[in-house]
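Colleague: Could you take me slowly through one part of this model, the residues that carry the annotation "active site", and tell me where they sit and what they touch?

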There are 2 protein chains.
Amino acid sequence: MPSPNIEGQQRGYVIPIGGAEEKIDNPEILTRFVELAGGADAVICVIPTASQLDDTGERYEKLFQELGAGKTISLPIRERSDAQNNEYVEQLLTCTAVFITGGNQLRLSTILGGTPIAKTIRQINAKGVHVAGTSAGAAIVSQHMITGGSTGIVPTEDGVNLAPGMGLINTVVVDQHFNQRNRLSRLLSAVSYNPFLVGIGLDEDTAAFIDENNEFTVVGSGAITIVDPADIEYSSMADARRGDALTLLNLKVHILASGSRYNISTRQAFA
Amino acid sequence: MPSPNIEGQQRGYVIPIGGAEEKIDNPEILTRFVELAGGADAVICVIPTASQLDDTGERYEKLFQELGAGKTISLPIRERSDAQNNEYVEQLLTCTAVFITGGNQLRLSTILGGTPIAKTIRQINAKGVHVAGTSAGAAIVSQHMITGGSTGIVPTEDGVNLAPGMGLINTVVVDQHFNQRNRLSRLLSAVSYNPFLVGIGLDEDTAAFIDENNEFTVVGSGAITIVDPADIEYSSMADARRGDALTLLNLKVHILASGSRYNISTRQAFA
């Protein structure tokens, strides 16, 4: 596991997690995150903003301590004024890794968007600090964030709602609880809006550990579904009316279980 | 619309329908089926065996009459002894098209499998009689028939149950109510068992009109999802244990709305 290198120019890992990651029995994802953060030398900042529950931050603090993290700080950012708080920015600047909890991704984007906290997370990630997010926290890491959409398989013209995310990675759109909530329809709708995007559908208890070269390894008990629209030969998206079935020819799909790898830049998958 | 040619050697159309086809408002699929069967010259045999309801046969008789079919006969085949009945075989031999209703596909395979009725349907289809089936009736047309499986997106080692179907078409596996019941998982499981299969996922009110060259046009209000596993580069299916997430690299997927075409033999899609 590479040790964190805050002073270097390599981007830290970006780690979207599909939600409901195992916390007790075999917490493979969280264990690997804590190791990556530096184990006993780790300073982990938890951002519980997506959650409406008061104890979400504390819960992860306790979890990370149990998993051997040196120090964990939860930043109680509940509204936009909190996200301007210089004390929290200073605390972020001391950390080796950031963990963004689940909840509602529109809380993350509306509360953090454009604030010093969001800017600092982008800056420290670029300098080597790892950023993980689960569920809503996974959605926010990409430039284009899914906030809602239709369930099912086939895409439609109005099948997904997008909002700007935090932009730690740019050429992907991430979805969570993917198999559990039947979200292929909205991921296909998103990537067919603009096929420069790669769709990453994360099952629950499944994470993509994306390194500085935009290559990731799958960790966890589920699968990651990759939807690569680069070779689409025909799309009726631009001509479709609301509710119409769409035609999309030649999508590439990969299903990736634990240990498989994918390179987002080259769009290559490896077993 | 080509007229039926019972004496010729061209196979009749095979027409799997994804269930819940529109019957009143704009019955596009049933209208096209009646035209194909010969319109005023049509003799349509309805096979209501999949259904447990007494009036399913009569209902379709009435529908086809309203749509201008010359003659419609429902064959009340409820058990295996009925499927040995020579009178029903004789009636089948007079028809220009067969319509297999929905219900339970295991009723179709257990009641019709290996009987003179099943053999006659195969023989007359080979000689030019068109065979349509909706829902369970769609499942039965292929050689390998899905009888059950898991819902969701990602495939698993035990994600689908297959049984022998009627085998009017051989290199495909058909699924119905596809988008409505989230059945990609079981279709992916089926095609990854043996990638010689093409997976055809039919939405409700959507049909594939498959001609004698194994090419079909999509008719109806939904989409047909094609899963083509021919280019799979890696599959962990053979090594997976029950419940494991699978890795499948390089699946090709097409989403086909009304008017799109697909050639099952060449595996080419056309907008």
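Modeller: What follows is a close look at that one part.

This is a predicted model, in which local features need pLDDT of at least 70 and side-chain atom pairs count only at pLDDT 80 or more. Residues are numbered from 1 along each chain as its sequence is written, and side-chain values use heavy atoms, with hydrogens and water left out.

The "active site" annotation comes from an unreviewed UniProt entry and covers A:Ser135, A:His177 and A:Glu204; such annotations may be inferred rather than shown by experiment. Although these residues span 70 residues in sequence, no two of their C-alpha atoms are more than 8.4 Å apart, so they gather at one spot.

A:Ser135 is placed in the loop between strand E5 (130-134) and helix H6 (136-139) of chain A, where helices (at least four residues) and strands (at least two) are DSSP runs numbered from the N terminus. With a relative accessible area of 12%, A:Ser135 is buried, a word that means under 20%, while exposed means over 50% and partly exposed lies in between, using a 1.4 Å probe and protein chains only. Leaving aside residues up to four places away in sequence, A:Ser135 touches several others, including A:Gly102, A:Gln176 and A:His177, where contact means heavy atoms within 4.5 Å.

A:Glu204, by comparison, lies in the loop between strands E9 (198-202) and E10 (206-210) of chain A, and is partly exposed at 22% relative accessible area. The side chains of A:Glu204 and A:His177 are joined by a polar contact of 2.7 Å, that is, a pair of N or O atoms within 3.5 Å, of which, within protein, one must be able to donate a hydrogen and the other to accept it, and residues adjacent in sequence count only if both atoms are side-chain atoms.

How values were computed: Chains lettered and ligands numbered in written order.
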